[in-house]
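Here is a short report on selected local features. Please look at the sequence and the model first.

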Amino acid sequence: MAPTPSGSGRTRIHVVSDVHGNARDLARAGEGADALICLGDLVLFLDYADHSRGIFPDLFGVENADRLVELRTARRFEEARELGARLWAGVGEDRAEVIERGVRKQYAELFAAFPTPTYATYGNVDIPRLWPEFAGEGTTVLDGQRVEIGGWVFGFVGGGLRTPMRTPYEIGDEEYAAKIEAVGEVDVLCTHIPPEVPDLVYDTVARRFERGSRALLDAIRRTRPRYSLFGHVHQPLARRMRIGPTECVNVGHFAGAGKPWALEF
């Protein structure tokens, strides 16, 4: 690590999650920090706060985006899938290819905005196989891996667990638990999804419980890291709490707030 900008001998890390297309603020997110950590969800498929933004409304318009959000918020997932199927049937191109073009366009802009150094892991809406094409030399991608930053060990586990939403990078509980196990004991445990604690997984605006990880919760209790950092839940009931000696922090919905969470040690 390079010395801190203040010359104080301390290390300052800025952490973001749920970027969802906000390249403008991402370009400034590393200012004053020794490194940036990104906990995933770079892609913006549909902005639930502004239904005019994202790959879906670009293709199908705001009216259809309004309806899709309405159905998903009401947990009428089968109807939401039927709506999507009808819309995609009229496109005339392969659905996966169309989405990938939109994702590639976003990734080109977002990865170019990352400062050096950036340490990043995937969110549940990301497409991991595309990341090697866009991650420059200053960006280190980690999933089920560890890295030392400023003398502390940081462990990274990306992706989400399977849900009715069927987002691109959802994996099974056993596979996720294996990645948590591979990370082992660290000072800071960095994940996209939170530990399975009701106050941390409940979204107060969407009015639903998102999926958290029991394996992550068990690892926090067992290995007692200094911090557990995560995102995924945009408007959580609780943004932080302690589990034993571990400070658990939802670093915030970067797409909306535009500001990183800071860790200094």
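How do the residues of the lining of the second largest pocket divide into nonpolar, polar and charged?

## Basis

This is a predicted model, in which local features need pLDDT of at least 70, side-chain atom pairs count only at pLDDT 80 or more, and totals for chains, interfaces and linings use all residues. Residues are numbered from 1 along each chain as its sequence is written, and side-chain values use heavy atoms, without hydrogens and water.

## Second largest pocket

The lining has 4 nonpolar, 4 polar and 5 charged residues. Here Ala, Val, Leu, Ile, Met, Phe, Trp, Tyr, Cys and Pro count as nonpolar, Asp, Glu, Lys and Arg as charged, and the others, Gly among them, as polar. A pocket is an open set of points on a 1 Å grid over the protein atoms alone where a 1.4 Å probe fits, with protein on both sides within 12 Å along at least five of seven lines; lining residues have an atom within 4 Å of a point.

This pocket holds about 290 Å³ of space, the volume being that filled by probe spheres set on the points. Of its 13 lining residues, Ile55, Asp58, Gly102, Lys105 and Gln106 lie nearest the centre. Helices α2 (55–60) and α5 (95–113) each supply at least two. The largest share, 6 residues, comes from α5. Helices (H or I, at least four residues) and strands (E, at least two) are DSSP runs, numbered from the N terminus.

## Hairpin β13–β14

Strands β13 (residues 240–243) and β14 (residues 246–250) pair in the antiparallel sense over 4 bridges; pairing takes at least two DSSP bridges. They form a hairpin with 2 residues between them. Glycine 244 in the turn has a positive phi of about 60°. Arginine 242 stands opposite glutamate 247 in β14.
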